[in-house]
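Here is a short note for your reading of this model. Keep the structure open and check each point against it.

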Amino acid sequence: MKAIEVNGLNKKFITGKEEAHILKNLTFSVEQGEFVSIMGPSGSGKSTLLYLLGGLDKPSSGTIKLDGKDLSSFKKKAMSKLRRTKIGFVFQFYNLVQNLNVEDNILLPIILDGKNPKQYEKKLKEILEVIGLADKRKLTPRELSGGQQQRVAIARALIAEPDIIFLDEPIGNLDSKTGKEIMELFRTINVTYKKTLIQVTHSNNAALYGTSIIRLVDGEIVEHSEIALAAMDSSCPA
Ligand SMILES: Nc1ncnc2c1ncn2[C@@H]1O[C@H](COP(=O)(O)OP(=O)(O)OP(=O)(O)O)[C@@H](O)[C@H]1O
């Protein structure tokens, strides 16, 4: 079963009189349970692609299907619900709510979805164990290190049990040791919890935690390969 199917995807941005064709006729698919790393030079369109896949922006043309459902068929409200329940996001700068403690930050998607957070107590406990913050659930983000804050953001992305999690430079703000720990956590989430992960990364090391690579240059896919083959390619940028 395909988690993502992209067909003839184009994205253009218009600023003033200028039109920039950022993503050019992309066609590819991602199987459920894959861990894809989107790589490529700065400005090649990686984040733009990630945001389109996650329904945060709309294509200029072409289709994106998540679990067989065309994103363009979702009205605004249904799209928000999809983003709260089927999709998780983890960004470079964590995006936590500063005046909420760890557990309330994690439960936020549940509360926003109008559900009773009490029903998620068991799940919350389990996730706090997985991310290694069981003893820090009452602390606020300011009382946590960068790596710990990113773990909270990961837990928040997991709480609603989404099928797909999008990661935008998830270790870009962390030192290499903490980054490695976070990448190992993503691998666990991919392998043990069988989630489909799509990450944008500049780091070759981070990319190697995945199962495949999509490489963009000037908005076009120049490579889509399984990780073992991609890792041997000497043109891989660091
Ligand atoms: N909302 C927007 N309006 C106009 N241009 C945009 C917008 N968003 C992105 N762009 C342009 O699209 C191009 C690709 O941006 P994008 O952020 O997708 O690149 P990237 O590959 O993720 O880069 P980086 O590795 O530096 O983060 C850039 O030239 C950027 O200026």
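**Notes on the sheet and the ligand shell**

1. Helix α5 (residues 146–158) lies across β6 and β7 (164–168). Its direction is about 170 degrees to β6. Axes are lines fitted to C-alpha atoms, for helices over the stretch in contact, and angles run from 0 to 180 degrees between N-to-C directions. Contact means that C-beta atoms, placed from the backbone, lie within 7 Å. Helices (H or I, at least four residues) and strands (E, at least two) are DSSP runs, numbered from the N terminus.

2. This is a predicted model: local features need pLDDT of at least 70, side-chain atom pairs count only at pLDDT 80 or more, and totals for chains, interfaces and linings use all residues. Residues are numbered from 1 along each chain as its sequence is written.

3. Six strands form an open sheet with mixed pairing, in the order β6-β7-β8-β3-β9-β10. Strands pair if DSSP finds at least two bridges between them. From one strand to the next, the twist averages 15 degrees.

4. Look at β9 (residues 212–217). With β10, β9 makes an antiparallel pair over six bridges. Val217 is opposite Glu220 in β10.

5. Now the ligand. Residues around the ligand include Phe13, Ile22, Gly45 and Lys46 (C-beta atom, placed from the backbone, within 6 Å). β1 (2–15), β2 (18–31) and α1 (46–53) each give two or more residues to this shell. Which element gives the most? α1 does, with three residues.

6. By class, the shell has three nonpolar, eight polar and one charged residues. Ala, Val, Leu, Ile, Met, Phe, Trp, Tyr, Cys and Pro count as nonpolar, Asp, Glu, Lys and Arg as charged, and the others, Gly among them, as polar.

Notes
Contact = placed C-beta atoms within 7 Å.
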